[in-house]
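This report is meant for a reader who is meeting the structure for the first time. Please look over the sequence and the model before reading on.

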Amino acid sequence: MIYMIYYSLVSIKAYRGNFNIAPHHKARTKFLVLIPAVNEEAVINIPVDDLKNQKYPKKLFDVYVIADHCTDKTAMIAKKHGAKVITTEMGLNVKRHGVGKSNTLDYGLHYLGLNEWNKYKYVVVIDSDNNVASNFLQRLNDYAVEFSEPEAIQVHLDSKQGHGFINKGLNLSFIRSNYFQQLPEGDLGCASLLGTGFATSTKKVINQVGGFRFHTLTEDAYEEMYIISVQYKNLCK
């Protein structure tokens, strides 16, 4: 009941519109993009190619595929398409923490090391089969600059175009979530949902927890709860 009342009130903001949309800002934010992958040779080229074609200065971002416990050609294909690659064998002396994707992301960060990851303002997490819009990093930069580098930034999510009522229903659910939940909550200063494609502040979050140590299978939800618990802000746009 409380949940329904809350989102009914939040949706009023959506019907009114007039969202606080960040204008274009000169590129200045440096991003570390991490793609965790386990046996993803069939799809890993998708996000790597999209990130390679970003309309954003190449000197301001690096893309790493963390090919963790892969038994296929994920690492080779990712490297061929232009990503930097970290494999399990490269960091056998790195202590592992957490489970699932959190474990892989934390491993990748600690393989790079504290000094290396602190060269970047944000760590961005992309799933291994995601398509990425060509202005993705530019818009993250715009919101980071406009809103004084919030602790986390969530981009608009959508599903891939397909056929059938299941795919259409999924597309509709993403549209509803973005317009009636994420956007108004971001404008109202409320915490909102994090999912793939989110950016996390290295200084304000990653350094505070000692890496990517959100110890559940749903690392985005764990991070969201951490940010709320310490009264940080996650901006959803």
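## A buried ring and its partner

The description begins with Phe61, a residue of this predicted model, and Phe61 is buried, with a relative accessible area of 6%. Tyr56 is likewise buried, its relative accessible area being 4%. A search of the whole structure finds five aromatic pairs, and one of them joins Tyr56 and Phe61 in a tilted arrangement, at 6.4 Å from centre to centre and with 45° between the planes.

Tyr56 and Phe61 also belong to a cluster, in which ring pairs link them with Phe31 and Tyr122.

## The protein as a whole

The protein contains nine helices and seven strands, and of its 237 residues 48% count as buried. Its accessible surface comes to about 12,200 Å², and 57% of that surface belongs to carbon and sulfur atoms.

Among the contacts in the protein with a separation of 6 or more, 74% are accounted for by residues 24 or more positions apart.

Strand 2 (61-67) is mostly covered, since seven of its seven residues are buried. From strand 2, Phe61, Val63, Val65 and Ala67 point one way, while Asp62, Tyr64 and Ile66 point the other way, and all of these are buried.

Strand 1 (31-37) pairs with strand 2 in the parallel sense over seven bridges, and within this pairing Leu32 stands opposite Asp62. Together with helix 2, strand 1 and strand 2 make a right-handed β-α-β unit. Strand 2 also pairs with strand 3 (residues 84-87), again in the parallel sense, over four bridges. From strand 2 the chain crosses through helix 3 to strand 3, and this β-α-β crossover is right-handed.

## Helix 2 and what covers it

Helix 2 spans residues 45-52, and its buried residues include Pro47, Val48, Asp49 and Leu51. The cover over the buried residues of helix 2 includes strand 1 and strand 2, and also helix 3 (74-80) and helix 6 (136-146).

His25 lies in the loop between helix 1 (2-16) and strand 1. Although His25 and Asp142 are 117 residues apart along the chain, their C-alpha atoms are separated by 5.2 Å. When its neighbours within four places in sequence are left aside, His25 is in contact with Gln138, Asn141, Asp142, Val145 and Glu146.

His110 is found in helix 4 (residues 100-112), and this residue is partly exposed, with a relative accessible area of 25%. Leaving aside neighbours within four places in sequence, the contacts of His110 are with Val94, Trp117, Gly210, Gly211 and Arg213. Arg96 is 14 residues from His110 along the chain, and the C-alpha atoms of these two residues are separated by 9.1 Å.

## Charges over rings

The charged end of Arg96 sits over the ring of Tyr107, 4.3 Å from the centre of that ring. In another such arrangement, the charged end of Lys30 sits over the ring of Tyr120, at 5.2 Å from the ring centre.

Key
Residues numbered from 1 in each chain as written. Predicted model: local features only at pLDDT ≥ 70, side-chain atom pairs only at ≥ 80, totals over all residues. Heavy atoms only, no water. Helix = DSSP H or I, 4+ residues; strand = E, 2+ residues; numbered from the N terminus. Buried < 20%, exposed > 50% of the residue type's maximum accessible area, 1.4 Å probe, protein only. Contact = heavy atoms within 4.5 Å. Areas by Shrake-Rupley, 256 points an atom, 1.4 Å probe, with all protein chains shown as cover. Phe/Tyr/Trp six-rings, centres within 6.5 Å; stacked < 30°, edge-to-face > 60°. Lys NZ or Arg CZ within 6 Å of the ring centre and 35° of its normal. Pairing = 2+ DSSP bridges. Right-handed = clockwise from strand over helix to strand, strands pointing away.
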